[in-house]
Amino acid sequence: MMKNKFSGKLHLMSIIFIACLLINSLVVTSATVGSDFPPAREALECTTRGGLPHFFRKISKGEKIRIAYLGGSITAQAGWRVKSLDYFKKSYPKCQFSEINAAIGGTGSDLGVLRIQHDVLSQKPDLLFVEFAVNDSNSDPVEIAKSMEGIVRKTWKAYPKCDICFVYTFTDSPLFQDLKTGKLNRSAATMEVIADYYAIPSIHLGLEAVHLEKEGKLIMKAPEVKVEKVSGDELNQSYKLPLSAEGKIHFSSDGVHPYINTGHQLYMEAIERSLPLIRSASKKSRSHQLNGPFNPNNYENTIMLDPDKANLQGEWMKLPQENEVAKPFINRVSSFWRGAAGATLTLKFKGEAVKIYDLLGPDGCRLEITIDGKISNVNRIDGYCTYRRLAITNAAFKEDQTKIHELKIKILPEKLDKRNILFEQNRADFDKNPKKYEDNYWYVGAIFVAGELIQ
């Protein structure tokens, strides 16, 4: 019996097509978990991709626009965030702009993806800026990609007409030395992979500063100054003059947090140069379509629970909203619970991870974490803790998603050597205020589960 030539060709094409799919799957998988991820990336100030079509359409119609800023301490400063909002108001006076300030100092995309529903999406944004390149600089690229993809997919599931723009900042640290050679640092290069996949525009705010520093026209930090805090109004400093006596721009005092009138002004000028390019690329005005994910294990499916959804045993107290500890942070959670030595938090879950939204501070403690019988310890005080700030405890991580896991967290009674935990530049505060460090509490605001809680 003779074979039909067309059928034979069709069969061959099918084999080739399936092979291509398999190869593509392998490429994505290796890019996600391989040692060469992310690939090296040229540092560009602006990559327009799909632009911000809905944002500019709303501008053309003079509509009300809500702009969300999700990031760390550099975004929390009264710098590029405030300057950009003012720029939009002055440039487009027919529109009514309002701000969603969702920046928390000292936090990265791993917390950003977990809190985005509460801090951003509940307020119905039209444009979302995401800034985590600095705080993610020490993070696992695979985890960065999972978090950034989760931010994108959560946003577009809720609001498919909300445009997103990734912005990258930098610091005076070895992790960002690649910028001087024209390459992105690892965290920003990772984020660009997700930006490519979802056609999200990106702006690197710091390349002009890097260029000026290389030319000897900019000083990144004051001599001998170290980072003492990673959040708070104290970071909102301005340099006494835009130019020093030697005619150089002083970018920041600590190499991280730009002066409002110099470093942040350079950041803002990068946005001003980039927006016309992004607008030109914003030709299509349709809802953002979510196809298959880059990584099926991204963090788009997480839940946020109040602490009392877990089993709390021992000395726990729900803090009143006006409590001096809870009050500065209560807008981020429904309630804060304080646990003392010996108290435990236990729960069962099915999924990959559990993270606890808590506080780091001078009265922090040591925790014993037991997951499926495996024990580890973690401190809830670090070198910056002359004050309290929001953070997360990674209680369970990369667990088997098909199994039910048992988690128990116990507050240990041991006294920590808190003076030595503090960075050297912060130990004077301990010597001056030792009573501030005497207590050992754990402050819990919420429980994040990548999976489901098992009652």
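This is a predicted model: local features need pLDDT of at least 70, side-chain atom pairs count only at pLDDT 80 or more; totals for chains, interfaces and linings use all residues.
Visitor: What makes E45 and R273 a salt bridge?

Guide: Happy to walk you through it. The side chains of E45 and R273 come to 2.7 Å, N to O. The cut-off is 4 Å between a Lys or Arg nitrogen and an Asp or Glu carboxyl oxygen, so the pair qualifies. By this rule the model has 26 salt bridges.

Visitor: Which parts of the chain does the pair of E45 and R273 link?

Guide: Distant ones, 228 residues apart. E45 sits in the loop between helix 1 (5–33) and strand 1 (46–47), while R273 belongs to helix 9 (residues 263–280).

Visitor: Why is E45 called partly exposed?

Guide: Its relative accessibility is 21%. Buried means under 20% and exposed means over 50%, so E45 falls in between. R273, at 37%, is partly exposed too.

Visitor: And why does E322 count as exposed?

Guide: E322 has 59% relative accessibility, and the cut-off is over 50%, so the word exposed applies. E322 also forms a salt bridge with K327, at 3.4 Å from N to O.

Visitor: How do you know that K436 and D429 form a salt bridge?

Guide: Their N to O distance is 2.8 Å, and the limit is 4 Å, so they pass. K436 has a relative accessible area of 32%, which makes this residue partly exposed.

Visitor: Which residues are linked in a network of salt bridges?

Guide: R41, R49, E192 and D196 are linked in this way.

Visitor: Let's turn to the largest pocket. What lines it?

Guide: The lining has 43 residues, and V134, N135, D136, S137 and N138 lie nearest the centre of the pocket. The space inside is about 940 Å³. Strand 16 gives the largest share of the lining, five residues. By class, the lining has 16 nonpolar, 16 polar and eleven charged residues.

Visitor: Why do strand 14 and strand 15 count as a pair?

Guide: They share six bridges in the antiparallel sense, and at least two bridges are needed, so they count as paired. The hairpin they form has two residues between the strands, and D372 takes a positive phi near 55° there.

Visitor: How do you know that strand 14 also pairs with strand 17?

Guide: Strand 14 and strand 17 (residues 404–411) have five bridges, again antiparallel.

Note on methods
Residues are numbered from 1 along each chain as its sequence is written. Side-chain values use heavy atoms; hydrogens and water are left out. Helices (H or I, at least four residues) and strands (E, at least two) are DSSP runs, numbered from the N terminus. Buried means under 20% relative accessible area, exposed over 50%, partly exposed in between (1.4 Å probe, protein chains only). On a 1 Å grid over the protein atoms alone, a cavity is a set of points where a 1.4 Å probe fits but cannot get out, and a pocket is an open set with protein on both sides within 12 Å along at least five of seven lines; lining residues have an atom within 4 Å of a point. Grid points are joined across faces, edges and corners, and a volume is the space filled by probe spheres set on the points. Ala, Val, Leu, Ile, Met, Phe, Trp, Tyr, Cys and Pro count as nonpolar, Asp, Glu, Lys and Arg as charged, and the others, Gly among them, as polar.
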